[in-house]
Amino acid sequence: MREATAVWTVVALPILLAGLAFAAAAFNSVLRAVGAGHPEPARALTDPLREAARSLIVQRRGTLAPDRLLTRIGVISLPVAALLAAVVVPIGTEPVARLRIGVVWFNAMEVAVWGAVWLTGWGVNSAYALIGGYRFIAQGLAYELPHMFALITAALGAGSLDLTKVAAAQDGLWFVVWMPVAFVVYLFSALAMAFWGPLGHPVAGDLAGGAAVELSGPDRLVFLAGRYMLLVVAAAVAVPLFLGGGAGPLLPAWTWSLVKTCAVLAALVWARHRLLVLRMDRFMELSWMVLIPAMLLQALVVAIVVLP
Amino acid sequence: MQPYLAVLILLGSLGIAIAAVYILSRLLAVPGVVGVGPFLSGGLPSEHAVSRFHVRWYAVTMVFLAFDMEMVFMYPWALVVASIGVKAVVEMFLFLGLLMVGVVYAWREGALRWA
Amino acid sequence: MQAVAFWGLAAVAVAGGIAVFVVGSMARATFALLASFLAAGVELLLIDLHYLGALVILMMIMEMLIMVVFMVMYMMNPAGLMPMVMVHNNRGALAISAGVFVALATGILLTPWPQRRGSPPRDVTFDLGQALMGPKMLVMMVIGVAILATMIASVVLATHRGRYDRHVRFDRAEPEPDLDPARGPRRRCRVTLETFLLLAAALFAVGLYGALSQQSIVMVMMGLELMVNGVLIAGGGFWYYVAPGTADGQVLVLVAITVMALEMAMGFAVVTALFRARDVDVTDDAGDLKG
């Protein structure tokens, strides 16, 4: 953290984060409208705005003897974790905070989601919400280790934990080409950390909304906005880790970062409408006995390649 | 600008945005709180949800706690493989091999299953 | 600025530690402990230990979430909806831990600590990696064996299904498991080795109080964790203010983090085995040899 921060990144980061989060929500609404056979799916583009406005004016719901403090901490820590994770992500080549250990920092902030979802589920004193919260921890036990291996494999390829250096190390050959297993596992864990799509079991419909079932009004708005922000950050980190960062012809670096992020984000949102929800009681063994050994082999291959 | 200052500014802005959401809701929303019970598809709760809760996957948590310690060593290791060479790779994968023995044992004993 | 941050975080760390044994809700107690750990993690970030600071944040969030799972599983009253006190020998524990704090603080203030030797390397984490792959290799390998032993032991203690049920239909009549329920910047700021050690001593003393006074085994473990939190801070302080040129202090912090996780895994496994065998989760009921 020696170099000073470029002022423009401090302005650009919140705009990009908010803009992409809205874009993801709007794209999701359109895909849902298409899936429902809506005659004019493009009209669903403004659904997230309508939903936000509704959250602000709707009367709140309450439960008996909730732990309001813990619920609020859980709800608010989602967007806070997403923002803190985003500060180490280079926009082009310039992050807000050039941390030498940016990868570890991202990992630590992403783990905060464990706490956020569990607290939200616990605090409201409602059975469905509680079970949703516990489902996230079970999911965490399954996805976190392969996720960490994917992060380490990319860092190992670059010999650095600084996301800007990892991106710079892919000059000529993107990591996705020679670390395909790590890339796929990363995308999988990106879905998990935003409890999205196939890994959306903690907030699934079979629990009437799981961890978020009792949230209403501003709590719901902040929780869902935080979730989209996490999805955006998870997609954005895939770019410096595996997709060459801001590298690309003609356009400036930040444009390439944005384009690549949008592509990953669109794929993640699309996955929600194409893939089945995973149940951890069926998936846990697969994660430990297939994903972890596969990632170990991938890391071994990368370690042998980077040997002097 | 100092990086920590930039981070604090961003955090402050997010704090203001979140506070604005809560204040707007207080001003605009229909006042009061509707409903006094949890959503149970219309059923009545028989006890507090925040009672003792037995998770079936407790054995996984213990294996996880032990296994995730390998990360503590792997992050710094990733930085030095290129400069130290074969020795570092052999050492780390011996270490990981030891840990995998534990995982396979846990799997064989059914610790990763609960349903 | 750094001094303000240090003292603010120190206050959070100690207050969080005290709150663990004051609040009624087990969920709140666990997250108070997490707040204490997060403050300690940011303290490490302040003294250039970026990797270890982020690592403490990362590991402690996961560990406290696992802790809370066990809290809610074993404590009779996890949300603190009924007031309930589960302590023994409260006064004695308070006196002992206060005495220990005073003794440690006196030692800290009276000891002539060595001058700072060397300065932090350019890349602290790289330095740590080199140490782990070179002179400290034995530490890592020993920890590897300890992790393996912990995995096997905790699986043996905590599971009951064995390996042969996989191909058999799950028998519903089978009884359920009974688990229900630097001298350097002295001019710029006043943060010194002594202040770090005092913070460590305070955390250690609060944890000691918890370990001595709590009846529930899981709460005793919270006390032990808080004591290790003090060790983390002390290790970080020593590295920065005494010997930043070598990675020894960093390795000490690493070992402390690992020990904490292994202690938790074994502790939970033992409580689970004990609970299954005897239906108890408090220390006073677990003794066999008492007359």
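**Interfaces of chain B with chains A and C**

Strand β1 of chain A (residues 60-61) and β1(B) pair in the parallel sense over two bridges, where helices (H or I, at least four residues) and strands (E, at least two) are DSSP runs numbered from the N terminus, and two strands count as paired if DSSP finds at least two bridges between them. Within this pairing, Arg61(A) stands opposite Val34(B) in β1(B). The model is predicted, and local features therefore need pLDDT of at least 70 and side-chain atom pairs count only at pLDDT 80 or more, while totals for chains, interfaces and linings use all residues. Residues are numbered from 1 along each chain as its sequence is written, chains are lettered from A and ligands numbered from 1 in the order in which they are written, and side-chain values use heavy atoms, with hydrogens and water left out.

Chain A contains eleven helices and one strand, which follow one another along the sequence in the pattern α-α-β-α-α-α-α-α-α-α-α-α. The radius of gyration of chain A, taken over C-alpha atoms, is 19 Å, close to the 19 Å that the globule rule (2.2 Å times the number of residues to the power 0.38) gives for 308 residues, so chain A is as compact as a globular protein of that length. Along the principal axes, the C-alpha atoms of chain A fill a box of roughly 65 × 45 × 45 Å. Chain B has four helices and one strand, with the order α-β-α-α-α along the sequence. For chain B the radius of gyration is 25 Å, well over the 13 Å that the globule rule gives for 115 residues, so chain B is more spread out than a compact globule. The corresponding box for the C-alpha atoms of chain B, again along the principal axes, is roughly 65 × 55 × 20 Å.

The contact between chains B and A (heavy atoms within 4.5 Å) takes 63 residues from chain B and 78 residues from chain A. About 6300 Å² is buried between these two chains, with carbon and sulfur atoms giving 79% of that area; buried area is the accessible area (1.4 Å probe) that two parts lose on being put together, summed over both. Leu10(B), Tyr22(B) and Tyr75(B) supply 12% of the area that chain B buries against chain A, more than any other three residues. One salt bridge (a side-chain nitrogen of Lys or Arg within 4 Å of a carboxyl oxygen of Asp or Glu) is found across the interface of chain B and chain A, and it joins Arg113(B) to Glu285(A), the closest N and O atoms being 3.5 Å apart. On the side of chain B that touches chain A, α1 (3-28), β1 (33-34), α2 (58-67), α3 (70-84) and α4 (86-108) each supply at least two residues, and α1(B) gives the most, with 14 residues.

On the other interface of chain B, 65 residues of chain C are in contact with 52 residues of chain B. The area buried between chain C and chain B is about 5100 Å², to which carbon and sulfur atoms contribute 74%, and zero salt bridges are found across this interface. Helices α3 (50-74), α5 (124-133), α6 (137-158) and α9 (248-278) of chain C each supply at least two residues of the side that touches chain B, the largest share, 15 residues, coming from α6(C).
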